[in-house]
Amino acid sequence: MAYVLFTLSVLLVMGFVGFSSKPSPIYGGLALIVSGVVGCVIVLNCGGVYMGLVMFLVYLGGMMVVFGYTTAMAIEEYPETWGSGLEVLGGLLVGLMMEVVLVLWVLSLDETVVVSFSDTGDWVIFEGEGSGLIRGDSIGAGALYDYGRWLVVVAGWTLFVGVYIVIEIVRGN
Amino acid sequence: MTPTHMNIMLAFTISLLGMLTYRSHLVASLLCLEGMMMSLFIMATLIASNTHFPLVNIMPIILLVFAACETAVGLALLISISNTYGLDYVHNLNLLQC
């Protein structure tokens with residue numbers, strides 16, 4: 001199926017409309033997780049295996065879990081979903097209608113775009129007596145620890161200071 | 001620019017609009033901020049794959065690191081608001097009366 005990447009990006013936009021129409025945050029978190037899964041599949045389709053794995057583990061497995069139980073602490077008794085009340089439902093329907101109209105208009109333009117989405121993963125390297133096969137994105141991300149040594153130090157220090165900031169904020173004084 | 005890139009930029013814009021409008025909860029705006037970071041991550045990874053430039057893959061990883069910091073600080077503020085007022089309703093934040 002040639003249009004699988006385009007269909008996935010349309011599903012991504014629909015998921016984003018789902019939490020941007022502002023239902024109760026627990027349902028917004030659900031829509032964000034679904035959008036995150038669709039986004040990971042988009043990244044995987046373009047050959048970014050390592051980046052998709054990082055996104056799944058760090059983003060969906062770490063930050064969304066933290067969002068989930070923080071939202072569970074600050075939730076009301078009757079959370080409003082997409083079907084309860086005209087504001088959220090109206091926002092959702094307007095967003096979906098906008099996306100459908102835009103997709104139909106773009107597909108009717110019938111233009112040729114010179115971007116190839118295939119074979120974007122592997123690199124063949126020739127080293128010494130033999131040849132090898134590496135994935136481009138994991139080698140590129142590994143260069144963070146080689147060319148970007150100072151960036152790793154700064155980011156690690158930022159995370160460390162961030163933990164202290166969080167402790168001081170939650171302590172309350 | 002392909003329709004796929006247009007859709008991802010549209011997702012960023014929709015999250016931006018969602019973050020700038022308040023309904024009742026504050027954590028819904030933090031969720032839209034997370035959506036913005038995620039769409040930026042996807043866009044940068046697609047560009048790194050399509051232009052066959054592996055070193056650009058450093059940028060989405062560092063973006064994810066700083067987005068995690070930002071999420072932690074935002075949630076800490078949310079928890080302190082929730083401890084003071086009971087819920088994270090936006091109309092409770094009325095100390096600055098202007």
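The side chains of A:E87 and B:R23 form a salt bridge, with 2.7 Å from N to O. A:E87 sits in helix α4 of chain A and B:R23 in the loop between α1 and α2 of chain B, so this pair joins two chains. A salt bridge here is a side-chain nitrogen of Lys or Arg within 4 Å of a carboxyl oxygen of Asp or Glu. Helices are DSSP runs (H or I, at least four residues), as are strands (E, at least two), and they are numbered from the N terminus.

Some ground rules come next. The model is predicted: local features need pLDDT of at least 70, side-chain atom pairs count only at pLDDT 80 or more, and totals for chains, interfaces and linings use all residues. Residues are numbered from 1 along each chain as its sequence is written, chains are lettered from A and ligands numbered from 1 in the order in which they are written, and side-chain values use heavy atoms, with hydrogens and water left out.

Back to the charged residues. By the rule above, there are three salt bridges over all chains. Another one pairs A:E80 with B:R23, at 2.9 Å from N to O. A:E80 lies in the loop between α3 (49–73) and α4 (86–109) of chain A, while B:R23 is in the loop between α1 and α2 (27–50) of chain B, so this pair also joins two chains.

How open are these residues? A:E87 is exposed, at 57% relative accessible area. A:E80 is partly exposed at 22%. B:R23 is partly exposed at 33%. The cut-offs are under 20% relative accessible area for buried, over 50% for exposed, and partly exposed in between (1.4 Å probe, protein chains only).

A salt bridge within chain A links A:E168 and A:R171, at 2.8 Å from N to O. Both belong to helix α6 (residues 149–171); they are three residues apart, which means a separation of about one helical turn. A:E168 is partly exposed at 45%, and A:R171 is exposed at 55%. By contrast, A:E80, A:E87 and B:R23 are joined into one network by salt bridges that share partners.

Now turn to the nonpolar side. The largest nonpolar core holds 52 residues, and those touching the most other members are A:L12, A:I42, A:M55, A:Y59, A:F67, B:M38 and B:I42. Such a core is a set of buried Ala, Val, Leu, Ile, Met, Phe, Trp, Tyr and Cys residues joined through side-chain atoms within 4.5 Å. Helices α1 (4–20), α2 (25–45) and α3 of chain A each give two or more residues to this core, as do α1, α2 and α3 (58–85) of chain B. The largest share, 10 residues, comes from α2(B).

Take A:Y59 from that list. Beyond its neighbours within four places in sequence, A:Y59 contacts residues of both chains, including A:V54, A:M64, B:G35 and B:M38. Contact means heavy atoms within 4.5 Å.

B:S15 lies in helix α1 (residues 3–20) of chain B. Is B:S15 buried or exposed? At 0% relative accessibility, B:S15 counts as buried.

Finally, the record. The unreviewed UniProt entry annotates residues 25–44, 49–69, 89–107 and 147–167 of chain A as "transmembrane region". Such annotations may be inferred rather than shown by experiment. Residues 49–69 are 100% helix and 0% strand, with end C-alpha atoms 29 Å apart. Residues 89–107 are also 100% helix and 0% strand, and their end C-alpha atoms lie 27 Å apart.
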